[in-house]
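Dear colleague,

Please find the structure below, together with its sequence. My notes on it follow.

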Amino acid sequence: MRPNIKERLAVQVNKLLLIMLIIICLPMIGFAQAPPEFSDPQQEVRYWQLLTELRCLVCQNQTLADSGADLAGDLRQETLRLVREGATDEQIIDYMTARYGDFILYSPPFKAKTLLLWLGPLLGLFVVATFIVLKNRRRFLANEQIEPLTKYERNLLDKHLLTD
Amino acid sequence: MKASAARFILPLALFGSFIGLLAIGLKLDPSKVTSPLIESTIPQFSLPVLSDPQRHVTPQDLKGKVWLLNVWASWCASCRAEHANLIVLKKEGNQIVGLNYKDKDVAAKAWLKKWGDPYLMSIVDANGLVGVDFGVYGIPETFVIDANGIIRDKFIGAIISLADMKRIRASIYAAEHQREVGSASK
């Protein structure tokens, strides 16, 4: 059956809205930035790798590779400059941590300070497992004799099973 | 009975300490990144003055008295929020140097003209690179620097509440009365 006027109108309105949405989003193309050019492919690899290791301090659960924040752009530029100037990964990390502290490293470093952070869950698991084992050691070790059912219990069981 | 009481005490104690840890955690704010620059020499810079771009200022020009470096911009709403407190601090006799961060001179001057100028002077960091040297990530930020050019404290966020003002004043006092880094008196 041919769809009625209301439905045909709705389809056209939806098409129009979709086109409008696309048009409104077009200016965002202007924000897209071309990735930086590298003459040395190894530098390029290192650059992108470093961006995944550094945190964006504005959007703090994103890396510099992901974040669209202004500061992230500045820090990406700095990283690019340092890579091009020949700084080693360690030097670049030191540069960033000297200014922003350890928090700029996306994965917390494995230091004395962060030992509890890294080992905490493992430790917690160990404590709980120990607790469970100790509490139940009697049951694990003992050879419990399962006594057979008495006649009375057998009859009771049969009665309930059969009359379900 | 005694045995059953003990069964309840242990989980309760564990739960209680867990809640205690969470309560402490609520008070901490990990988004406020502690600065590694505290107790170290102020980063070197040479920046133009907002009102006189031909003139450049370095940290050496500001030695001899405790001063505050307040990172601000005309586009920053929180900077507007703390502005009144900066005026108060200025009136109390503190030297505040503004670091105009990633801003346009015209907009910055207009902002100061409109709301008032709490600064001894404003220096312009147009591309934000000096800000990176200072570990700036979310303005407004305020640094307390002592007479020898050592950064004593960093205040992240707008100075709005009474507690904020208390803290800044305490930092300034400490910077004024502690002559050497690591001196015993506190």
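Two strands are taken to pair if DSSP finds at least two bridges between them. Helices (H or I, at least four residues) and strands (E, at least two) are DSSP runs, numbered from the N terminus. This is a predicted model, in which local features need pLDDT of at least 70 and side-chain atom pairs count only at pLDDT 80 or more, while totals for chains, interfaces and linings use all residues. Residues are numbered from 1 along each chain as its sequence is written, chains are lettered from A and ligands numbered from 1 in the order in which they are written, and side-chain values use heavy atoms, with hydrogens and water left out.

**Strands of chain B**

Strand E3 (residues 67–72) of chain B pairs with strand E4 (residues 95–101) in the parallel sense, over 6 bridges. Across this pairing, B:Leu68 stands opposite B:Ile96. Together with helix H2 (residues 77–91), E3(B) and E4(B) make a right-handed β-α-β unit; right-handed means that, with the strands pointing away from the viewer, the path from the first strand over the helix to the second runs clockwise.

E3(B) is also joined to strand E6 (residues 141–145) of chain B, antiparallel, by 5 bridges. Here B:Leu69 stands opposite B:Phe143, and B:Asn70 has B:Thr142 as its bridge partner. E6(B) in turn runs antiparallel to strand E7 (residues 151–156) of chain B, again with 5 bridges, and B:Val144 is partnered by B:Asp153. E6(B) and E7(B) form a hairpin with 5 residues between them, and B:Gly149 in the turn has a positive phi of about 85°.

In a regular strand the side chains alternate between the two faces of the sheet. In E3(B), B:Trp67, B:Leu69 and B:Val71 on one side and B:Leu68, B:Asn70 and B:Trp72 on the other are all buried, where buried means under 20% relative accessible area, exposed over 50% and partly exposed in between (1.4 Å probe, protein chains only). For E6(B), 5 of the 5 residues are buried, so this strand is largely enclosed by the rest of the structure.

**Aromatic pairs**

Rings of Phe, Tyr and Trp (its six-membered ring) pair if their centres lie within 6.5 Å; planes under 30 degrees apart count as stacked, over 60 as edge-to-face and the rest as tilted. The structure holds 7 such pairs over all chains. One of them is the tilted pair of A:Phe110 and A:Trp118, at 6.2 Å centre to centre with 55° between the planes. A:Phe110 is exposed, at a relative accessible area of 56%, and A:Trp118 is partly exposed, at 41%.

B:Phe45 and B:Phe134 form another tilted pair, with 6.0 Å between centres and 50° between planes. This pair links distant parts of the chain, 89 residues apart. B:Phe45 is buried, with a relative accessible area of 5%, as is B:Phe134, at 0%.

**A nonpolar surface patch**

A:Leu116, A:Leu123, A:Phe126, A:Val127, A:Val128, A:Phe131, A:Ile132, B:Leu10 and B:Leu14 form a nonpolar patch on the surface, with about 940 Å² of accessible area together. Patches are made of residues with over 30% relative accessible area and no salt bridge, like charges being joined within 9 Å and nonpolar side chains (Val, Leu, Ile, Met, Phe, Trp, Tyr) within 5 Å. Areas come from the Shrake-Rupley method with a 1.4 Å probe; for residues, only the protein chains shown count as cover. A salt bridge is a side-chain nitrogen of Lys or Arg within 4 Å of a carboxyl oxygen of Asp or Glu. Helix H5 (115–135) of chain A gives the most to the patch, with 7 residues.

Yours sincerely
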